[in-house]
Amino acid sequence: DPAAQQIIMFKQRTKGPIGVMTTSAGAPIDYVDARVTLNRRLMFNEYFMDSLTHLVRERIPERLVHAKAAGAFGYFEVTHDITHICSAKMFSAIGKKTPVAARFSPVVVERGGIDTSRDARGFAVKFYTEDGNFDMVGFSTPMYVYKDPLLFTAFVRAQKRNPATNLIDGNMLWDFLTLNPESLHMFLLVFSDRGIPDGYRHMPGFGIHTFEVVNKHGEKYFIRFHFTPDAGVKNLFSEEARKIAAVDPDYATRDLYRAIGSGEYPSWSVAIQVLTFDDVKTAGFDVFDVTKVLPLDRYPLTPVGRFVLNKNPINYHAEIEQLAFNPANLVPGILGGPDKVFEARRLAYRDAQYYRLGANFNKIPVNCPIQSVVLAYNRDGRPPEKDNGRDSPNYYPNSFNGPVEYKDKHRVELLEIYQDPPNNFEQSAELYINEFSKEERSRLVENILYSLGPVAKFLQERAVKLFTLIHPDLGYRIEQGLAANTTNSYYELY
Ligand code: HEM
């Protein structure tokens, strides 16, 4: 078991000690002598000074959301030609491989929390392309919570701890959900069987936003990314998940590490839904609305490639904790999403990473483009600065052979769109009636009741009204369940 045996395998791999231990400044440590601390000055004990002062500085801020995660490395391989849709170099030829880093993470779970919690999951992939990094920062659900980016702070706080009690508080969550009913579309999935993936290897991923892309002639297309696990989608029922949580809160992290370490490389088939400009105009609904899905019968999947994870991190903190995803990391050919949530995300991640990792977060090795050369005019700041641009000019334009501009042959502007207030109840009803089986609908109701049971009556009433609007059967069953009051969950949000 590579996860349980990692340190033993390290010993087996190395013939003996890998060297003499030193201080951070490289001075060799006479440990036997350093251990004589009584009646000697600790100030002069460099081992003590170096290790103690480093230890208290070891923590960096955990991510505000998506704090707990597992990650790995691998490649994306093109299996089908989509150059007529998108000119990004990573799609340029069948068989072409692009290195990737991936990070999977529940949304609200704190860093030491439980992997089998009911929650959506982040599905973030960094493609190290020849034109710089392209980050697809998606979810395990094909839709998102709201389309008004102003709701981000409320959404996060409502699910985090109550400021007075320091407890997770169902009243706050249900207040948010019922004040912002568009969130119920995604939350129907979260409360359904799909709310607790059975490890990350069996979890699908979605880019959610409808990305604007261009082909080499400068023609626009609009695509949504889908990643489908080749090992099949598998989820856990609530009971199973709770049992696992009691014995192994790191279940999904362990499973991913173990699988990759044993050579069972997880893989996903990558496909896109494709819309033309005309499709966008004639869709009859806002195809850029992240709270909605694009119906698969109208916009079927076009296969693109395969995404394989075949390498565990060597050092979690260096390679996964410090991974910095940003939806604004786009490459020629992929213009991004024209919607407001995407626009907000362009600021949010950068800002979070300045705070979390510092001004030079893109110079942390795992964030460096590895297939292209960086010739930015930025200089200095807190380390790591790498070579800091060496002796080349640090301003642009200049007359001294600094890096020159790139000429985009088919410059295309990101579309500017006008968005209506969200309205996804039709899709929520569709999900409830047509996508969930009879048994799944019953489990959905049970899971909702488990979370909604202990909250304030007025919030329950608001929820029943909204569930009734989605579908009378759903509203009725929730109402009846609440009246029977058979459920109680004070410890978990959902
Ligand atoms: C379609 C909508 C969204 C999706 C799919 C999404 C997905 C994700 C994922 C996967 C991560 C974890 C990245 C990692 O592994 O490091 C993340 C982190 C984060 N998200 Fe989002 N998110 C969405 C919307 C938003 C919005 C609207 C905002 C703010 C306006 C936001 C702000 C953040 C922040 C601040 C982080 C932490 C970044 C860090 O500390 O490095 N997200 N999101």
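This is a predicted model: local features need pLDDT of at least 70, side-chain atom pairs count only at pLDDT 80 or more; totals for chains, interfaces and linings use all residues.
**View A. Helix H6 sits under cover.** Zoom in on helix H6 (residues 183–191) and you find it mostly covered, with nine of its nine residues buried. The buried run takes in Ser183, Leu184, His185, Met186, Phe187, Leu188, Leu189, Val190 and Phe191.

**View C. The shell around the ligand.** There are 29 residues around the ligand, and His66, Arg103, Gly122, Ala348 and Ala352 come nearest. Helix H11 (340–357) is one of the elements that give at least two residues each to this shell, along with strand S2 (97–106), strand S3 (121–129) and strand S4 (132–139). H11 brings the largest share, eight residues. Sorted by class, the shell comes out at 19 nonpolar, six polar and four charged residues.

**View D. Where domain 2 meets domain 3.** The protein splits into domain 1 (19–58), domain 2 (70–147 + 182–366) and domain 3 (425–484). For domain 2 and domain 3, the C-alpha centres are 29 Å apart. Each side of their contact is made of twelve residues: twelve from domain 2 and twelve from domain 3. H6 turns up again here, supplying four residues, the largest share of the domain 2 side that touches domain 3. That side of domain 2 has five nonpolar, four polar and three charged residues.

Note on methods:
Residues are numbered from 1 along each chain as its sequence is written. A residue is buried if 20 or more other C-beta atoms lie within 10 Å of its own, exposed if 12 or fewer, and partly exposed in between; C-beta atoms are placed from the backbone. A residue is near a molecule or strand if its C-beta atom, placed from the backbone, lies within 6 Å of it. Ala, Val, Leu, Ile, Met, Phe, Trp, Tyr, Cys and Pro count as nonpolar, Asp, Glu, Lys and Arg as charged, and the others, Gly among them, as polar. Domain bounds come from an automatic or database domain assignment. Two residues are in contact if their C-beta atoms, placed from the backbone, lie within 7 Å.
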